[in-house]
Amino acid sequence: TSQSRNAVWVEHRFAEDFVNENEILQLVRTLENHGIRYAFLHTGPFETDGTIPSSRYKAARRFLQLAKQISPKIQWHAWLGQKRSLLTLDQEATRSNIVAQVAILTQLIGFDGVHFDIEPLQKQDEPFLQLLDATRTLLKDQKEISVAVDEWQPRWLSRILSFDSFVEGSFLKKIAEFSDLIVIMTYDSKITNPLLYSWWVEQQLVYS
């Protein structure tokens with residue numbers, strides 16, 4: 001049952017292209033009608049050194065100003081992603097570049113927070129936790145941090161099925177120490193039965 005705290009990923013062009021104001025109005029009204037509280041606007045991806053060319057989000061400030069006038073209740077997070085293998089998080093310079101980018105997007109552009117979507121996270125990914133720690137130190141409680149993660153699975157099941165793309169509960173707890181929201185990517189599960197899929201998503205919340 002929807003509690004009007006739903007979330008959605010929003011395509012990149014609203015950050016980079018100066019779209020028609022009426023289209024922005026229609027988008028925001030649609031989000032309102034579906035009980036969307038958090039909207040993750042695609043703003044990346046990161047370059048390998050953790051930077052993002054400003055041209056990729058040149059329309060974001062205008063978009064956010066208009067969107068917030070239409071609906072102040074919706075929280076807009078900058079959706080920042082990259083393949084983990086391409087992002088050198090183990091280097092302090094890269095993490096510093098990301099934090100600097102977060103400062104620009106939240107303090108100058110006007111995002112209410114950041115949404116990290118770095119896939120897949122390594123098991124007990126210490127450099128990523130260091131990034132979250134540095135980001136929280138920057139934002140304090142003034143802006144939000146959300147993190148997209150792979151689904152939780154029992155370790156024994158992952159071993160049997162040879163799945164590497166999963167997040168252990170202990171790692172999720174560490175992520176939660178720095179985050180306001182954790183978004184578990186339960187799509188592409190290949191579960192076709194609605195009741196079984198609902199049960200599976202529920203288990204993600206229970207065990208995560």
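## About the model

Residues are numbered from 1 along each chain as its sequence is written. Because the model is predicted, local features need pLDDT of at least 70 and side-chain atom pairs count only at pLDDT 80 or more, while totals for chains, interfaces and linings use all residues; side-chain values use heavy atoms, with hydrogens and water left out.

## Helix α4

Let us start with α4, which covers residues 92–109. Helices (H or I, at least four residues) and strands (E, at least two) are DSSP runs, numbered from the N terminus. The 18 residues of α4 should span 26 Å at 1.5 Å a residue, and its end C-alpha atoms are 25 Å apart, which agrees. The expected span here is 1.5 Å times one less than the number of residues. After the helix comes Gly110, with a positive phi near 110°.

Which residues of α4 are buried? They are Thr94, Arg95, Ile98, Val99, Gln101, Val102, Ala103, Leu105, Thr106 and Ile109. Buried means under 20% relative accessible area, exposed over 50%, and partly exposed in between (1.4 Å probe, protein chains only). As a reminder, an α-helix has 3.6 residues a turn, so residues three or four places apart point the same way. The cover over the buried residues of α4 includes α3 (60–70), β3 (75–83), β4 (113–119) and α5 (126–139).

The whole structure holds eight salt bridges, each a side-chain nitrogen of Lys or Arg within 4 Å of a carboxyl oxygen of Asp or Glu. One of them pairs Arg13 with Glu23, with the closest N and O atoms 2.3 Å apart. This pair links distant parts of the chain, 10 residues apart: Arg13 lies in α1 (residues 13–16) and Glu23 in α2 (residues 21–33). Arg13 is partly exposed at 29% relative accessible area, and Glu23 is partly exposed at 27%.

Another bridge joins the side chains of Glu16 and Lys58 at 3.9 Å, N to O. Here Glu16 in α1 is linked to Lys58 in the loop between β2 (36–42) and α3, 42 residues apart. Glu16 has 24% relative accessibility and counts as partly exposed; Lys58, at 45%, is partly exposed.

Where does the salt bridge between Lys68 and Asp112 sit? Its side chains meet at 3.2 Å, N to O, and it links Lys68 in helix α3 with Asp112 in the loop between α4 and β4, 44 residues apart. Lys68 is partly exposed at 26%, whereas Asp112 is buried at 14%. Finally, salt bridges that share partners join Glu11, Arg13 and Glu23 into one network.

Technical notes
Contact = heavy atoms within 4.5 Å.
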